Amino acid sequence: MGFKHKDIIALRDLTKEDMELLLSTAESMREINSRDIKKVPTLRGKTIINLFYEASTRTRTSFEIAAKRLSADTVNISPSTSSATKGETLADTALNLLSMKPDIIVMRHAVSGAHYFLTQKVSCSVINAGDGAHEHPSQGLLDMLTIKDKYGRLDGLKVAIVGDITHSRVARSDIQGLTKMGSHVFLAGPPTMVPPAVERLGNVTACATMKEAIQDADVVIMLRIQQERQGKTLMPNAREYSRYFGLNPENLKLAKPDAIVMHPGPINRGVEMSSYVVDGPRSHVLKQVENGVAVRMAMLYHVCGGELE
Amino acid sequence: MNLLIRNGRVIDPSQGIDDTLDVAVENGLVKEIGKGLKAPAGAETIDAAGNYVVPGLVDMHVHLRDPGLEYKEDIVSGTRAAAAGGFTSVACMPNTKPVIDNKAVASYIIAKSRAEGFANVFPIGSITYGSNGERLAEMGELKESGCVAVSDDGRPVVNAELMRRALEYARGMGILVISHAEDLSLVGEGVMNEGFTSTELGLKGIPSVAEDIATARDVMLAEYTRSPLHIAHVSTRGSLRIIREAKGRGVQVTCETAPHYFSLTDDAVRGYNTNAKMNPPLREADDVAAVKEALKDGTIDAIATDHAPHHIDEKDVEFNVAMNGIVGLETSLPLSLKLVEEKVLTLPQLIEKMACKPASILGIDRGTLKAGAVADITVIDPAVEWTVAAENLASKSKNSPWLGEKMKGGAAYTILGGKIVYKR
């Protein structure tokens, strides 16, 4: 049973089986990453373009390393060095890139849904590296892999996601992926940052307080708070935010004793998470980054039509 | 032009007529309505058996994009679309380039439509100069130049004091104010209705209360200043409740809705469909039900299309970047006829909302088949089935959410001043 999708844009579009396949491939990819010579010829001769309309360090690097470990050729394009600043439309950029015969375009874009638009224009595979406040499927998958590493399963877990849910593509991918895999997701954030009808997304409970969300949780995922939201209409300031929605060693005690803590990064230390937690024994933040490479290798491999040997 | 339209179901709510009759047209005017009429001299005969014969439809809210934005639409293509959709009269909004805030632009539109158009065009002037919400436009001269109302459609008047003065001043000049009711601070950077769909798609939402609050403000100002007010494209349950209540108290407020607000929900946005992006945005099922309820109980006076043509380059882009609005002139009639099928409206009630009421709200001498009236007549074939396709739309722009969909019903003949301007 192979992977039937040419593109990976949203975990909403994938089935449980699709995600299980990606996760199990990622687990085998991890072995490559621990070798002395970290390279296999699987995608030799394939061309991958990383088209990043938004700044990114870890995601872009992670996709690039993933591609290189599979022997694909990669090209990175970001707006400051591309035609975007000259006012070229996304469609024109895409068509021009397509003429150079890439096999995959990995794109990050500030507009939700931009990747669906892109797939109407190009025939190559498209992987979403984050679109607006919509989804960030590779992050969702690496989060699931990290949780699965710890518990051996995703089914029946209580996962708390705390922070700015409304503007978070990570939250949406986590919710879509985790609930399909059988987890129960509990959300907490100031009501200004929790979107309407969010419980209809799946097995999701929107909590009134952070305490309620993290109580007895197996996993606590903290979201990055955009510093530029301070003093605007969504929250008073970082100080108050941290007081009610920040994770510290004290409130972490509410979660299960061996609960793990995750964060998609980059972290505002002392705002959404205290350094004692970030650097503490429960933190799986760096494991997430490590898993990110394996997950992205699996994504690249499967959209290229790969079959497991 | 002389015509005899025979054996159609003649529906003229302005005279309480709904019967199988003939309509005789002589010299561009309605001569008489009756049974077994003799053809006027040299008359062309139209066999309308099985069809409806109604006063030419009036669309009180369109964007013709002329002058200045002719790459989207112009007076010729826009009125051709109107005629194809069964409309003999349209009122065009002032967000042209330049804005209809002076006699020169209004006169140009009227002159061009008379010379080259396929429908009557009644310009709507702006409330403020350049529609920039700062200074009142010369409403007296706009009225004298042929404008039938004033509106800053698309750019709501933010300042409440200015809106108050606009209502008062317009009352003095005897011209109607049409409000695009949206509180822009609540609209913010929203691109679709705020609700479950926006949550799932990760698109910034426009809350329905943005429309409710602006409607409430303008209705209260109309009441306080004892001035008539028309609310454009109503889409929310909340604004309808406010308008219904105000009407009950005798406030001089009328309103319109558009076919998309009773035909589609924000689910149409799924797939990031830019042809489902407009302002106000498509709402939820509850609002659609409220719009139908308000059509039925008379809270909504008129159906208008908000025909908003945009070039493909402005729609075939990422969702956030796409312009707001859809074309509507050629799909309004079949979509509205569905209301009759669904028993929301009777056929005479529908014709009232698509012809008589918009004409009376704007104070134009249309929307009737009374003897002596200008022979603007629409012959509707309620059974014709057709498919919406870009190549079949008369409008220059093809930004319709119904592309590829089947429609039932449409204009068989559109007659303007006794002259057939469209024949299916």
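**Domains, helices and a sheet**

The C-alpha centres of domain 1 of chain B and domain 2 of chain B lie 25 Å apart, where the domain bounds come from an automatic or database domain assignment. Before I go on, please keep in mind that this is a predicted model, in which local features need pLDDT of at least 70 and side-chain atom pairs count only at pLDDT 80 or more, while totals for chains, interfaces and linings use all residues. Residues are numbered from 1 along each chain as its sequence is written, and chains are lettered from A and ligands numbered from 1 in the order in which they are written.

Let me stay with chain B for a moment. Its domain 1 is made of 3–52 together with 374–423, and its domain 2 covers 56–362. Where these two domains touch, 31 residues of domain 1 of chain B and 40 residues of domain 2 of chain B take part, two residues being in contact if their C-beta atoms, placed from the backbone, lie within 7 Å. On the domain 1 side, the elements that give two or more residues are β16 (377–387), β17 (406–416) and β18 (419–423) of chain B; helices (H or I, at least four residues) and strands (E, at least two) are DSSP runs, numbered from the N terminus. Which strand gives the most to that side? It is β17(B), with eight residues. By class, this side of domain 1 of chain B has 17 nonpolar, nine polar and five charged residues, where Ala, Val, Leu, Ile, Met, Phe, Trp, Tyr, Cys and Pro count as nonpolar, Asp, Glu, Lys and Arg as charged, and the others, Gly among them, as polar.

Chain A is also divided, into domain 1 (11–134 + 292–303) and domain 2 (137–288). The centres of these two domains, taken over C-alpha atoms, are separated by 25 Å, and their contact takes 19 residues from domain 1 of chain A and 20 residues from domain 2 of chain A. α1 (16–33), β4 (125–131) and α11 of chain A are the elements that give two or more residues to the domain 1 side, and the largest share, five residues, comes from α1(A). That side of domain 1 of chain A has nine nonpolar, five polar and five charged residues.

Now to the meeting of the two chains. The contact takes 21 residues from chain A and 16 residues from chain B. On the chain A side, α3 (90–99), α4 (114–121) and α6 (169–180) each supply at least two residues, and α4(A) provides the largest share, three residues. The residues of this side of chain A divide into 12 nonpolar, five polar and four charged.

The axes of α3(A) and α4(A) come within 10 Å and cross at roughly 50°, axes being lines fitted to C-alpha atoms, for helices over the stretch in contact, with angles that run from 0 to 180 degrees between N-to-C directions. α3(A) and α4(A) are therefore oblique to each other, given that angles under 35 degrees count as roughly parallel, over 145 as roughly antiparallel, 65 to 115 as roughly perpendicular and the rest as oblique. In this contact A:Leu90, A:Ala91, A:Ala94 and A:Leu95 of α3(A) meet A:Ala114, A:Phe117, A:Leu118 and A:Lys121 of α4(A), a set with seven nonpolar, no polar and one charged residues.

Finally, please look at the sheet in chain A. What is the order of its strands? This open sheet of four strands runs β2-β1-β3-β4, with parallel pairing, and two strands pair if DSSP finds at least two bridges between them. Its edge strands, which each pair on one side only, are β2 (73–77) and β4 of chain A. Inside the sheet, β1 (residues 47–52) and β3 (residues 104–109) of chain A pair in the parallel sense over five bridges, and the bridge partner of A:Leu51 in β3(A) is A:Met107. Helix α11(A) lies across β1, β3 and β4 of chain A, running at about 150° to β4(A).
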